[in-house]
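Trainee: Could you take me through a model feature by feature, giving the general idea each time and then the case at hand?

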Amino acid sequence: YVAASMKRQQGEEVEVEIIETNKRKMVAKDDMQKMNPPKFDKVEDMANLTCLNEASVLYNIKDRYYSGLIYTYSGLFCVVVNPYKRLPIYTEKIIDIYKGKKRHEVPPHVFAITDIAYRSMLQDREDQSILCTGESGAGKTENTKKVIQYLAYVAASKPKSSSIMPASNNDLSFSVQRELEVQ
């Protein structure tokens, strides 16, 4: 799927202009799907999309991936696109950013999912589980290792008396990005 704007309709075909190239092309009307407004570009949770269709979901995941954002929420689930390379987003400093935070306070990440399960286990005194599923090579084993890394670090660390965090999610995203750039 590519982003395009509709120019004119001719029977069951529509002339569209592809946004990236400005080229015009005739396509079948049935092959088109609605797009979300630009304010939804790279949205963290696809459940918030106004147009929830295959094209919008794939476009959002691709847009986030090419911006280095491999984690995206889809309602209760966390979708991960395997970058097939090591990323510096699993350090102890990054763990500290996610530690004790609510899901909406931090960008999507396996550490956010793990922290929710860990805090629920402590608070409710009930077993919790995290399911990593996907095709061969999708990154299930690597994400499971990150879950274990997070749990080991958080369970072994002492509680902080006070922690200073950025005032907004945008500041946190900047903090995470800055942390990644330093390494």
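**Exposure and backbone**

Trainee: At 64% relative accessibility, does Tyr-84 count as buried or exposed?

Mentor: Tyr-84 counts as exposed, because its relative accessibility is 64%, where exposed means over 50% relative accessible area, buried under 20% and partly exposed in between, with a 1.4 Å probe and protein chains only. Residues are numbered from 1 along each chain as its sequence is written, and side-chain values use heavy atoms, with hydrogens and water left out. The model is predicted, so local features need pLDDT of at least 70 and side-chain atom pairs count only at pLDDT 80 or more, while totals for chains, interfaces and linings use all residues.

Trainee: Where does Tyr-84 lie, and what is its phi?

Mentor: Tyr-84 sits in the loop that runs between β5 (77-80) and α2 (92-98), the elements being DSSP runs numbered from the N terminus (helices H or I, at least four residues; strands E, at least two). Its phi is positive, about 55 degrees, although Tyr-84 is not a glycine.

Trainee: Where is the place of Asn-22, and why does Asn-22 count as exposed?

Mentor: Asn-22 belongs to the loop between β2 (13-18) and β3 (24-28), and it counts as exposed because its relative accessibility is 53%. Asn-22 is a residue other than glycine with a positive phi, near 60 degrees, and the hairpin of β2 and β3 in which it takes this value has five residues between the strands.

**The sheet**

Trainee: What is the order of the strands in the open sheet?

Mentor: The open sheet has three strands in the order β1-β2-β3, paired antiparallel, where two strands pair if DSSP finds at least two bridges between them. The edges are taken by β1 (4-10) and β3, each of which has a single partner strand, so one side of each is left without a neighbour in the sheet.

Trainee: How many bridges pair β1 and β2, and how many join β2 to β3?

Mentor: Six bridges pair β1 with β2 in the antiparallel sense, and among the bridge partners in β2 are Ile-18 for Ala-4 and Val-16 for Met-6. The hairpin of β1 and β2 has two residues between the strands, and Gly-11 in its turn has a positive phi of about 70 degrees. On the other pairing, β2 and β3 run antiparallel and are joined by five bridges, with Glu-13 standing opposite Ala-28 in β3.

Trainee: How many of the residues of β2 are buried?

Mentor: In β2, five of the six residues are buried, which leaves the strand mostly covered.

**Cysteines**

Trainee: How many disulfides does the count come to?

Mentor: A disulfide is a covalent bond between the sulfur atoms of two cysteines. With the rule that a pair of cysteine sulfur atoms must lie within 2.5 Å, the count comes to zero. Cys-78 is in no disulfide, since the nearest cysteine sulfur, that of Cys-132, is 9.3 Å away. Cys-132 is likewise in no disulfide, the nearest cysteine sulfur being that of Cys-78, 9.3 Å away. Cys-78 counts as partly exposed because its relative accessibility is 25%, and Cys-132 counts as partly exposed at 26%.

Trainee: What volume does the largest pocket have, and which residues are closest to its centre?

Mentor: A pocket is an open set of points on a 1 Å grid where a 1.4 Å probe fits, with protein on both sides within 12 Å along at least five of seven lines, and lining residues have an atom within 4 Å of a point; the volume is the space filled by probe spheres set on the points. The largest pocket has a volume of about 710 Å³. Its lining has 25 residues, and closest to the centre are Phe-77, Cys-78, Ile-113, Ile-130 and Leu-131. At least two lining residues come from each of β5, α3 (110-124) and α4 (140-156), and α3 gives the most, with five. By class, the lining holds 15 nonpolar, eight polar and two charged residues, where Ala, Val, Leu, Ile, Met, Phe, Trp, Tyr, Cys and Pro count as nonpolar, Asp, Glu, Lys and Arg as charged, and the others, Gly among them, as polar.

Trainee: Which residues lie nearest the centre of the second largest pocket?

Mentor: Val-2, Ala-3, Ala-4, Gln-33 and Met-35 lie nearest the centre of the second largest pocket, which is lined by 25 residues. The elements that give two or more residues to this lining are β1, β2, β3 and α1 (54-66), and α1 gives the most, with four. The volume of the second largest pocket is about 450 Å³, and its lining divides into 15 nonpolar, five polar and five charged residues.
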